[in-house]
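This report is meant for a reader who is new to the structure below.

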Amino acid sequence: MAATYIRCASERHLTRESAGTLIQGVLPQDGQALLSRFGGSVQTVYLDPPFNTGKRFEMRARVGERGYRTGAPALALPAYDDRYESHEAYIDMMRGTLALARGLLKKEGTIFLHIDSRMHAPMRLLMDEIFGENNFLNEIVWAYQSGGRARSYFPRKHDTILFYAKSRSYYFNLKAVPLERAQARSNHMRRGVDEDGRSYRAITSGGREYRYYDDEPAYPGDVWDDVSHLQQKDPQRTGYDTQKPVRLLERIVRSATQEGDTVCDLFVGSGTTAVAAAQLGRRFLCTDQSPLAVASTVKRLSQSGAGKALPWGFEVEAPCGPDDCAVEAEVYPAISSYTVRLLRFDSPAAREAGLEGLDAVDMWSAGFVQGDVYRSCVQSARSGATPALADTLEMPVCAGEPCVLLVDVWGNRRFYLPRRRY
Ligand SMILES: C[S@@+](CC[C@H](N)C(=O)[O-])C[C@H]1O[C@@H](n2cnc3c(N)ncnc32)[C@H](O)[C@@H]1O
């Protein structure tokens, strides 16, 4: 007998206190609901929107145990479409989203808008319009070496991050982001040792000598060339196009927030901001329109392997995938626990892609449903470290009805009541 498909409005992955909320939604259309729940509560917003490139972006997904063992991506899945009807349509989307971001911020809040040379000029004007010219703080240049090398103009090797405050009483702490010593000292400076034996580098300007001691911290300026882009084989890589490195977000989160503050990313993609925020003891509020982005973010937040406690608790709100699958799952009671077995998953998409067995399942969890809220207890997710999916999970007895969540390689999230074997 097949497991019964049900709908849940939200998921709680909470083996401890919640570090944040992840919502699948389209902006700015879904913004009003966000504002009414979270308005005025966010300390900093980081936005890495589509850059109006006119391209479609993909997620190169590893599939099944073999895909994860070999590391070979098997499917190129559509992640997001960066084609707009017109320049105005793109600007309208960004105007609505930036206004929403402003509404989410506290009075002391700040915003970082990541953009490249294509939309930099209109975005600078839009930021002035929405946040006010007086609240402009920096135009950060993130310079990197990766990518192609143009020949008909100088290779474009930087992105721009526009940094604005909501008001003049904003929070910012440069001292929270000291540079590592090796990166901190510029080598065109003269080396010296003072009368106390302290080594320094010095530069003379306007007849005055400026000394930078090796034992004193140095801090980044507005050109960041010490944070490399993700390399092809970087273990952080999820396969999601346009993924940014965690180190970039760490600098932003550390400088603009304190522990316990909320960091918001309305275009979270593969989940970089959520991971950086959680790792640094901040809360997160993240959204994205793509089911693959939600799936990737959840996976990165849960990377602790089958049956182990999650590193952070978090909540997810995403539409359910369609009821078009054949699923078999069973639940067996023991004295103070349940054993849940996943026996079969078959969907039209899996069949079309030629996936067999549980290959189309990228992650599943067992837990309990109460009303339309699913509470996950244990989960198994494929990763390089755990390529095989556990087909059996044990969970303690909790309130509610035993339920499983299956996430397929396309990012669809579906809930089922397993067949009771008692
Ligand atoms: C450049 S990517 C973000 C990458 C991310 N910073 C990372 O490190 O993976 C932009 C994201 O914006 C999402 N997006 C595009 N338009 C959107 C919209 N109107 N509402 C919500 N999300 C959108 C896309 O699905 C995509 O994941």
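## A buried salt bridge

Lys 244 counts as buried because its relative accessibility is 7%; buried means under 20% relative accessible area, exposed over 50%, and partly exposed in between, with a 1.4 Å probe and protein chains only. The side chain of Lys 244 meets that of Asp 48 in a salt bridge of 2.8 Å, N to O. A salt bridge is a side-chain nitrogen of Lys or Arg within 4 Å of a carboxyl oxygen of Asp or Glu. The pair links distant parts of the chain, 196 residues apart: Lys 244 is in the loop between strand 13 (223-224) and helix 6 (246-256), and Asp 48 is in the loop between strand 4 (42-47) and strand 5 (56-61). Helices (H or I, at least four residues) and strands (E, at least two) are DSSP runs, numbered from the N terminus. Asp 48 is buried as well, at 14% relative accessibility.

## Basis of the model

This is a predicted model, in which local features need pLDDT of at least 70 and side-chain atom pairs count only at pLDDT 80 or more, while totals for chains, interfaces and linings use all residues. Residues are numbered from 1 along each chain as its sequence is written, and side-chain values use heavy atoms, with hydrogens and water left out.

## A network of salt bridges

The whole structure holds 29 salt bridges. Glu 328, Arg 344, Asp 346 and Arg 351 are linked by such bridges in a network.

Glu 328 is partly exposed, at 28% relative accessibility, and Arg 344 is partly exposed at 35%. Asp 346 is buried, with a relative accessible area of 18%.

## Around the ligand

The ligand is surrounded by 19 residues, and the closest are Tyr 240, Ser 270, Thr 272, Asp 288 and Gln 289. The shell divides into 8 nonpolar, 8 polar and 3 charged residues. Here Ala, Val, Leu, Ile, Met, Phe, Trp, Tyr, Cys and Pro count as nonpolar, Asp, Glu, Lys and Arg as charged, and the others, Gly among them, as polar.

A polar side-chain atom of Tyr 240 is 2.5 Å from an oxygen atom of the ligand. For Ser 270, a side-chain N or O atom is 2.6 Å from a ligand oxygen. Taken alone, the ligand exposes 600 Å², and the protein buries 96% of that. Accessible areas come from the Shrake-Rupley method with a 1.4 Å probe; for residues, only the protein chains shown count as cover.

## Helix 8

Helix 8 (residues 291-301) is largely enclosed by the rest of the structure, because 10 of its 11 residues are buried. Among them are Leu 292, Val 294, Lys 299 and Arg 300. At the start of helix 8, a side-chain oxygen of Ser 290 comes within 3.2 Å of the backbone nitrogen of Leu 292.

Terms used. Near = heavy atom within 4 Å. Polar contact = N/O pair within 3.5 Å; in protein donor to acceptor, adjacent residues only side chain to side chain.
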